[in-house]
Amino acid sequence: MKTTKPAFVSCVLALSAVLVVACGGGGGSSRSLIQNKGSDTLVNVAQAWAEEYAVVAPGIAVAVTGGGSGTGIAAMINGTVDIANSSRKMKDSELELARGNGNEPIEFVVGYDALAVYVHPDNPMDEVSLDQLAALYGEGGDIESWSQYGVEVPGCSSDEIVRVSRQNNSGTYVYFREAVLGDRRDFRLGSRDMHGSKDVVDLVENTPCAIGYSGLAYATDHVKMPCVRQGEDGDCVSPSVETAIDGSYPIARPLFMYTAGEPEGAIRDYIDWVLSDEGQCIIYDKGYAPRGDVDCS
Amino acid sequence: MFEATAQNRRNRKVEGLFRLLFLWMTCMLILPVALILGVLIVRGGPAISWEFLFTQPINNMTAGGILPALVGTVWLVVVALIASVPVGVAAALYLSEYAPDNRLTRAINLAIINLAGVPSIVHALFGLGAFVIFFRFGTSILAASLTLAVMTLPVVIVATRESLQTVPLAFREACWNMGATRWQTIRKIVLPNAISGILTGVILEVSRTSGETAPIMFTGAAFFLPFLPQGVLDQTMAMSLHLFVISTQVPDVPEHMPFGVALVLISMVLAMNGISIAFRVYLRGRKKW
């Protein structure tokens, strides 16, 4: 039995060596890490910012996490994040909760996003009005089939509209409800609720019967985006960065970053950089609208 | 006189049929493994290169490598092991060597079984509440690894206890009769003989830990982090979450990349299993019984 002892001892030694290494490393952890969490709409542009900022300020690491605006706001309330991304404004009740925990959220508008309506490329529908969208998505709405829109969709023999929506902690979900259904009206049951902006576009791309809404930045060549009309006799405006900037597109919204308290040091520098021309050109590149005029040529 | 009757022949036929049936069922087991590996190698193989393994992701994670995720997963696994193996082995030792068969012991056993049955997403929320918020570790490797450790503790305990119990009672009795205490018996006889089984538990834990996504999503893993973690209080990227992210969240990822990440992840687990199996074979070869 004595002979197995070295093996056992070596195993213990190996484990404790790892422990020492891990603890040694632990001591070096510094506050140069900025935690940035929230909106799935913003997550790809937040990632692009973080990637570019690693070049601009090599000493600062920006850790980006998605999960939805609700996730970011919850983390802000709990104080587990430095910067929360959100595609909707924080509610008063949420601000209260955060203040209660000693975190005064400070709001920054970092850009604008147009919510595009997506349909399958074979779908002949070229325009849709906000009222039609409300009748389709809203509680008590009466649109069920494509023929009610006056179109016949090739490849969709059932004629039934597959409604694609988002999970309820998504800022996109909340904003669509505000902008299209109105504050008081709820979504109708029976939609497919996807967990990411990209999932919506992916599903619509492969489903002739489907219609969905998602950020313009997630547009691909394999989906169609009908123009959106506000009211009966308004202009039908196509979603684009330009129409989001000039305000003519009816479902465009600001995108936010929140910090706990007035940002200082590395966080301040990062926010300033995001709001600078360099940061704003990155958001423009990703298909969102910058907050003001920038020259990105 | 012993000529086969019709009954005998029928029995033999049925016997043969069942044998074949069971063989097929066993082969069906291999099928998914072979298919998964095959698909990953064929479709992910072209993505693998030194550059893929050892550089940072670039261009919105649609190009470049997976280094931060790879290093992050190693961090998570190692810290989880450090947290769970001592606790798990000690608990198993108590349950196997010391604990009398009373109500407390039965309650502990029940707790272990229940802990093993808790869904990983529940562990994730527990980790978020306990380690991230209550203990104020923040979203960090420490919080994520502790969550993983809690989740995999039952695996370590059960595997260790079972391997302790394969050591014959006669060994212990011989030892006790020589006047050795329980601890001396455990130290010199039981543990050395059970080490290969304990390693199995550890390996199972490594395999499970490195693939888990839900528990680390809320507690420590980042969507993107352009730096390698410096310590246990940093956030980190991880292979499993990276795979989820580039397959579902990032537009325009080249098709071979998610397959490449999956291939690296599964290779890591298989390599670790291989090393430990070799170690076990070596240890078992030295057994005198």
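At what angle do the axes of helix 8 and helix 11 of chain B cross?

**Conventions.** I note that this is a predicted model, in which local features need pLDDT of at least 70 and side-chain atom pairs count only at pLDDT 80 or more, while totals for chains, interfaces and linings use all residues. Residues are numbered from 1 along each chain as its sequence is written, and chains are lettered from A and ligands numbered from 1 in the order in which they are written.

**Chain B, helices 8 and 11.** I looked up helix 8 (residues 182–211) and helix 11 (residues 256–285) of chain B, whose axes come within 10 Å and cross at roughly 180°; axes are lines fitted to C-alpha atoms, for helices over the stretch in contact, with angles running from 0 to 180 degrees between N-to-C directions. Helices (H or I, at least four residues) and strands (E, at least two) are DSSP runs, numbered from the N terminus. The crossing makes helix 8 of chain B roughly antiparallel to helix 11 of chain B, a label for angles over 145 degrees. I then listed the residues in contact (C-beta atoms, placed from the backbone, within 7 Å): they include Leu199(B) and Ile203(B) of helix 8 and Met272(B) and Phe279(B) of helix 11. The residues of this contact divide into 10 nonpolar, 7 polar and 2 charged, where Ala, Val, Leu, Ile, Met, Phe, Trp, Tyr, Cys and Pro count as nonpolar, Asp, Glu, Lys and Arg as charged, and the others, Gly among them, as polar.

**Chain A, the sheet.** I traced 8 strands of chain A that form an open sheet with mixed pairing, in the order 2-1-3-11-4-8-6-7; two strands pair if DSSP finds at least two bridges between them. Strand 2 (61–65) and strand 7 (192–194) of chain A are the edge strands, each pairing on one side only. Strand 8 (residues 210–215) of chain A is mostly covered, with 6 of its 6 residues buried, that is, with 20 or more other C-beta atoms within 10 Å of their own, all placed from the backbone. Strand 4 (residues 105–119) of chain A runs antiparallel to strand 8 of chain A and is joined to it by 5 bridges, and Val117(A) has Tyr213(A) as its bridge partner. Strand 6 (residues 162–166) of chain A pairs with strand 8 of chain A in the parallel sense over 3 bridges, with Val164(A) opposite Gly212(A).

**Chain A, helix 5.** I found Leu133(A), Leu136(A) and Tyr137(A) to be the buried residues of helix 5 (residues 130–137) of chain A.

How values were computed:
Parallel < 35°, antiparallel > 145°, perpendicular 65-115°, else oblique. Contact = placed C-beta atoms within 7 Å. Buried ≥ 20, exposed ≤ 12 C-beta atoms within 10 Å, placed from the backbone.
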